[in-house]
Amino acid sequence: MAQLICQNLTLGYDAKIVLSGLNFSVNKGDFLCIIGENGSGKTTLMKTLLGLIQPLDGTITLGDDLRANEIGYLPQQTFVQRDFPASVEEIVLSGCQGRCGLRPFYAKEEKQRAAHNMARMDITDLKKRCYRELSGGQQQRVLLARALCATQKLLLLDEPVSGLDPKVTLELYHLIEHINRHEGISIIMISHDIAAAVKYASHILYVGKTLFFGTKADYLQSDIAARFAPTEGGEPV
Amino acid sequence: MTALFDTLADYLRYPFVQHALIVGVLISLCSSILGVTLVLKRFSFIGDGLSHVAFGAMAIAAVAGVTNEMLIVLPVTIICAILLLCTGQNARLKGDASIAMLSVSALAIGYLLMNLFPNSGSVSGDVCTTLFGATSILTLTKTDVWLCVTLSIIVILVFVLLYNKIFAITFDESFAKTTGTRVGIYNLILAAIIAVIIVLAMNLVGSLLISALVIFPALSAMRVCRNFKSVTICSACLSVCCSSLGILISILASTPVGSTIVAVDIAAFAVFSLVGRCRSGR
């Protein structure tokens with residue numbers, strides 16, 4: 001059974017409809033890339049998937065033993081976070097908060113989990129460092145480690161590489177690819193980077209005036225791909 | 001110098017000085033640990049806004065002739081705090097605008113009521129006392145002290161128990177929500193304890209200077225410390241030291257308590273900024 005099925009979804013704020021008639025599903029191990037122009041509703045879709053806003057119509061069904069609080073999330077950086085005095089360790093550990101329930105403090109198991117995920121993201125040597133002193137790429141790794149603390153199954157990434165230089169971007173993509181291929185964690189990623197979307201994704205969801213959902217191969221055959229072609233010199237595989 | 005210490009030792013024997021010190025230390029401790037969260041959530045001005053609300057509520061209580069003001073002031077302030085903090089980041093009126101609006105309205109209406117229905121000889125004296133704290137911290141009764149001790153213990157306990165959750169919702173509210181933390185409830189609790197602290201702190205520095213107790217220790221600590229835990233601890237220690245020092249100076253030099261404490265806080269901020277700058281320049 002699919003991990004996430006969206007049927008006939010209508011999204012928006014208050015009564016203003018941003019997107020409607022959306023149908024797609026994510027199976028275990030999929031890498032779904034959501035692409036589309038600015039303002040087409042990608043971030044609204046992500047927030048709806050996370051349960052931060054309610055869909056106006058349609059249903060989101062979670063399957064395959066996935067619970068709503070087991071979705072990891074890498075947000076776009078917010079204003080507050082940029083000068084937040086927190087150590088890397090504190091931030092990664094906060095990813096385990098959902099497991100604590102009403103328990104006030106972290107147990108040994110959660111601390112191990114945080115340590116494991118820091119090692120996975122290769123940031124163990126940064127763990128005492130202050131978050132605001134790190135480079136953009138390092139900060140994204142910290143937030144990725146935090147997201148991995150929250151999930152074993154599905155990761156949602158909201159423009160993970162925006163503002164990063166090409167080298168760091170490539171490294172981050174490789175990390176994400178590794179998590180997806182070798183650890184079987186499904187990925188839903190919003191991206192402006194069509195070249196990367198085509199390169200790494202297994203499925204593509206295009207949102208805009210027309211909607212498209214299908215495998216990468218189907219997408220490359222479609223009219224949308226022709227109109228919305230990569231512009232950044234990436235080479236579609 | 002010895003003469004100075006002798007006078008100090010002399011004063012310290014009086015119960016009113018002891019009371020002032022106990023209350024001062026507790027209130028500055030509570031307000032500074034919460035201050036870290038408030039500053040980071042961009043709610044620095046909530047202290048100011050809520051204290052004006054408390055001032056307005058106090059005026060209403062005085063006009064209505066309620067003997068125990070706390071019965072009106074505390075609930076009204078808590079409700080306003082909840083309204084301000086829990087509208088969240090998507091509200092139509094952004095945090096700063098709604099705080100500013102609430103703050104001036106409460107101040108205006110409170111002052112208006114005090115003038116329309118004066119129940120003591122000097123209206124301006126009353127107003128000055130509530131706004132600047134005046135000497136009321138030196139005239140605390142035993143009941144006041146016990147009330148303050150109890151409420152402070154509750155606030156500190158709640159803070160320690162919710163520490164990790166407060167960190168999570170301060171750093172990233174959306175993420176905390178998606179991982180199943182009940183952000184709404186914790187914001188509510190946070191708002192309530194902030195309101196309690198502010199009502200308590202009005203005794204100490206008065207409603208105009210409360211912001212100082214909330215933001216200065218946190219900001220000073222952030223100049224120097226690099227993680228959330230050390231910022232919180234440093235801010236608490238600093239605030240306790242500054243307030244004790246402020247109270248002692250004000251007794252020795254017979255200056256107003258509230259403004260002396262704030263002056264010490266400002267000096268500490270200057271020192272910490274300097275230290276922070278030297279460190280990062282290294």
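Over how many bridges do strand β1 (residues 4-13) of chain A and β4(A) pair, and in which sense? The legends below take this up first, then turn to other parts of this predicted model.

**Figure 1. The open sheet of 3 strands in chain A.** The strands of this sheet follow the order β2-β1-β4, and their pairing is antiparallel. At the edges stand β2 (16-26) and β4 (57-62) of chain A; each has a single partner strand, so one side of each lacks a neighbour in the sheet. From one strand to the next, the twist averages 25°. The opening question concerns β1(A) and β4(A): they pair over 5 bridges, in the antiparallel sense. Within this sheet, Cys6(A) stands opposite Ile60(A), which belongs to β4(A).

**Figure 2. The open sheet of 6 strands in chain A.** Here the order is β5-β6-β7-β3-β8-β9, and the pairing is mixed. The edge positions belong to β5 (71-74) and β9 (212-215) of chain A, each with a single partner strand, so one side of each is left without a neighbour in the sheet. The twist averages 15° from one strand to the next. Strand β3 (residues 31-35) of chain A pairs with strand β7 (residues 186-190) of chain A in the parallel sense, over 4 bridges. Ile34(A) has Ile190(A) in β7(A) as its bridge partner.

**Figure 3. Helices α1 and α5 of chain A against the sheet.** Helix α1 (residues 42-49) of chain A lies across β3, β6 (154-158) and β7 of chain A. Its direction is at about 150° to β6(A). Helix α5 (residues 136-150) of chain A also packs on the sheet, where it touches β5 and β6 of chain A. The direction of α5(A) makes about 170° with that of β5(A).

Figure 4. Is Ala114(A) buried or exposed? A residue counts as buried if 20 or more other C-beta atoms lie within 10 Å of its own. Ala114(A) has 25 other C-beta atoms within 10 Å, and is therefore buried. Leaving aside neighbours within four places in sequence, Ala114(A) is in contact with Glu89(A), Val92(A), Leu93(A), Cys96(A) and Cys149(A). From Ala114(A) to Arg99(A) there are 15 residues in sequence, and 12 Å in space from C-alpha to C-alpha.

**Figure 5. The crossing of α2 and α11 in chain B.** Chain B has 13 helices and 0 strands, and 47% of its 282 residues count as buried. Two of the helices are shown here: α2 (residues 15-40) and α11 (residues 210-224) of chain B pack at an angle of about 70°, with their axes 7 Å apart. The helices α2(B) and α11(B) are therefore roughly perpendicular to each other. Their crossing is right-handed. Among the residues that meet are Ser28(B), Ser31(B), Ser32(B) and Gly35(B) from α2(B), and Leu213(B), Val214(B) and Ile215(B) from α11(B). The residues of this contact divide into 9 nonpolar, 4 polar and no charged.

**Figure 6. Where chain B touches chain A.** In this view, 25 residues of chain B are in contact with 24 residues of chain A. On the side of chain B that touches chain A, α8 (163-171), α9 (173-178) and α12 (228-253) of chain B each supply at least two residues. The residues of that side of chain B comprise 12 nonpolar, 7 polar and 6 charged.

Technical notes. Residues are numbered from 1 along each chain as its sequence is written. Chains are lettered from A and ligands numbered from 1 in the order in which they are written. This is a predicted model: local features need pLDDT of at least 70, side-chain atom pairs count only at pLDDT 80 or more; totals for chains, interfaces and linings use all residues. Two residues are in contact if their C-beta atoms, placed from the backbone, lie within 7 Å. Ala, Val, Leu, Ile, Met, Phe, Trp, Tyr, Cys and Pro count as nonpolar, Asp, Glu, Lys and Arg as charged, and the others, Gly among them, as polar. Two strands pair if DSSP finds at least two bridges between them. Axes are lines fitted to C-alpha atoms, for helices over the stretch in contact, and angles run from 0 to 180 degrees between N-to-C directions. Angles under 35 degrees count as roughly parallel, over 145 as roughly antiparallel, 65 to 115 as roughly perpendicular and the rest as oblique. A crossing is left-handed if the near helix is turned anticlockwise from the far one by less than a right angle, and right-handed if clockwise. A residue is buried if 20 or more other C-beta atoms lie within 10 Å of its own, exposed if 12 or fewer, and partly exposed in between; C-beta atoms are placed from the backbone.
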